[in-house]
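Subject: Structure handover

Hello,

Here is the structure I said I would pass on. Please open it first and then read the notes below.

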Amino acid sequence: MAKKSIRSYYSLVRSKQADETRARIAGAARKLILNRGFESATIEAIAREAKVAVPTVYAVFGSKRRILTELVERAAFGPVFQKLIGEAEGLTDPVARLRLTARIARQIYEGERSESELLRKARVVIPELAAREEERNCGRYDAHCITIDYLVRSGRLNPAISMQEARDILWAFTARDLFRLLVVERKWSVKRYEEWLADALVSALTVKQKQKSPKTPAQAGKAR
């Protein structure tokens, strides 16, 4: 048992060291790419900035393209994103889930904003990033079915649209392109984007919950 515990300890230490090295390389690459551009941030320059050997960079990532892919992933799905997802899992109110969906969209796109602009400019030299973006869009579409199911089960789905249409609307409204158009191109604040998106989703997808009318004294007497 003692030997097993020692092996587990050293395994954890090595794993932590590997994660720290990976993060240091990614951080160095991000700094250089933002300051110098994608082409000028060579593997050798990244290694120098991260204070590691060139073979280490290749061993960890394999290529500069994979480093850039990881930068986008880290920016989009970091600790704050994970916390918001945890909050979503505990929500049963469909309207609250829609508003939290707007907050999640803001967090993803705000967090990756610099990397997103890099992504747009780098697509001609990094075609696999476009394919990765397509995968993420598909995953986002699949994930939205949970929120739509909540709307249906609670009787809050707008009767003027089908479940399929509701899912399509939710997917389209939470797309990166809409964030880019409003925040990057039209200079909206991210706070205004989130508020508008939350209101737009609730308005488009839900029907107001019917409130029970208070009983008149006569009705109350009959009930007794």
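Which pattern does the protein follow, read along the sequence? The pattern is α-α-α-α-α-α-α-α-α-α-α-α. In other words, the protein has 12 helices and 0 strands. Please keep in mind that this is a predicted model.

Some totals come next. The protein has 224 residues, and buried residues make up 38% of them. If you take the contacts between residues at least 6 apart in sequence, 70% of these join residues at least 24 apart.

Helix pairs

Helix 2 (residues 43-50) packs against helix 3 (residues 54-61) at an angle of about 100°, and their axes are 8 Å apart. Helix 2 is therefore roughly perpendicular to helix 3, because angles of 65 to 115 degrees count as such. On the helix 2 side the contact is made by Ile 43, Glu 44 and Ala 47, and on the helix 3 side by Val 54, Val 57 and Tyr 58. By class, this contact has 5 nonpolar residues, no polar ones and 1 charged.

The loop between helix 2 and helix 3 holds Lys 51. Lys 51 has a phi near 60°, a positive value in a residue other than glycine. Is Lys 51 buried or exposed? Its relative accessibility is 72%, so Lys 51 counts as exposed; the cut-off for exposed is over 50%.

How do helix 9 and helix 11 run relative to each other, and what is the angle between them? The axes of helix 9 (residues 163-173) and helix 11 cross at roughly 170° and come within 11 Å. The two helices are therefore roughly antiparallel to each other, as angles over 145 degrees are counted that way. Helix 9 brings Ala 166, Ile 169, Leu 170 and Phe 173 to the contact, where they meet Leu 197, Ala 200, Leu 201, Ala 204 and Leu 205 of helix 11. The contact of helix 9 with helix 11 has 9 nonpolar residues, with no polar and no charged ones.

The largest pocket

The largest pocket has a volume of about 550 Å³. It is lined by 24 residues, and the closest to its centre are Ile 85, Ile 104, Arg 140, Ala 143 and His 144. Which helices each supply at least two residues of this lining? They are helix 5 (79-89), helix 6 (94-111) and helix 8 (127-153). Helix 8 gives the most, with 9 residues. The lining divides into 12 nonpolar, 6 polar and 6 charged residues.

Some single residues

Thr 101 has its place in helix 6. With a relative accessible area of 13%, Thr 101 is buried, because the limit for buried is under 20%. Leaving aside neighbours within four places in sequence, Thr 101 is in contact with His 144, Thr 147, Leu 170 and Thr 174. One of these, His 144, was listed above among the residues closest to the centre of the largest pocket.

Ile 148 is in helix 8. Its relative accessible area is 1%, so Ile 148 is buried. Not counting residues up to four places away in sequence, Ile 148 touches Met 163, Ala 166, Arg 167 and Leu 170. Ile 148 and Leu 170 are 22 residues apart along the chain, and their C-alpha atoms are separated by 8.7 Å.

Val 202 lies in helix 11 (residues 190-205). Val 202 is buried too, with a relative accessible area of 15%. With residues up to four places away in sequence left out, Val 202 touches Val 95, Leu 98 and Arg 99. How far apart in space are Val 202 and Asn 158? From C-alpha to C-alpha they are 9.5 Å apart, while in sequence they are 44 residues apart.

Helix 10 and what follows

In helix 10 (residues 176-185), the residues Arg 176, Phe 179, Arg 180, Leu 182, Val 183 and Val 184 are buried. Just after helix 10 comes Lys 187, with a positive phi of about 65°. Lys 187 lies in the loop between helix 10 and helix 11. At 64% relative accessibility, Lys 187 counts as exposed.

Regards

Terms used: Residues are numbered from 1 along each chain as its sequence is written. This is a predicted model: local features need pLDDT of at least 70, side-chain atom pairs count only at pLDDT 80 or more; totals for chains, interfaces and linings use all residues. Side-chain values use heavy atoms; hydrogens and water are left out. On a 1 Å grid over the protein atoms alone, a cavity is a set of points where a 1.4 Å probe fits but cannot get out, and a pocket is an open set with protein on both sides within 12 Å along at least five of seven lines; lining residues have an atom within 4 Å of a point. Grid points are joined across faces, edges and corners, and a volume is the space filled by probe spheres set on the points. Helices (H or I, at least four residues) and strands (E, at least two) are DSSP runs, numbered from the N terminus. Ala, Val, Leu, Ile, Met, Phe, Trp, Tyr, Cys and Pro count as nonpolar, Asp, Glu, Lys and Arg as charged, and the others, Gly among them, as polar. Axes are lines fitted to C-alpha atoms, for helices over the stretch in contact, and angles run from 0 to 180 degrees between N-to-C directions. Angles under 35 degrees count as roughly parallel, over 145 as roughly antiparallel, 65 to 115 as roughly perpendicular and the rest as oblique. Contact means heavy atoms within 4.5 Å. Buried means under 20% relative accessible area, exposed over 50%, partly exposed in between (1.4 Å probe, protein chains only).
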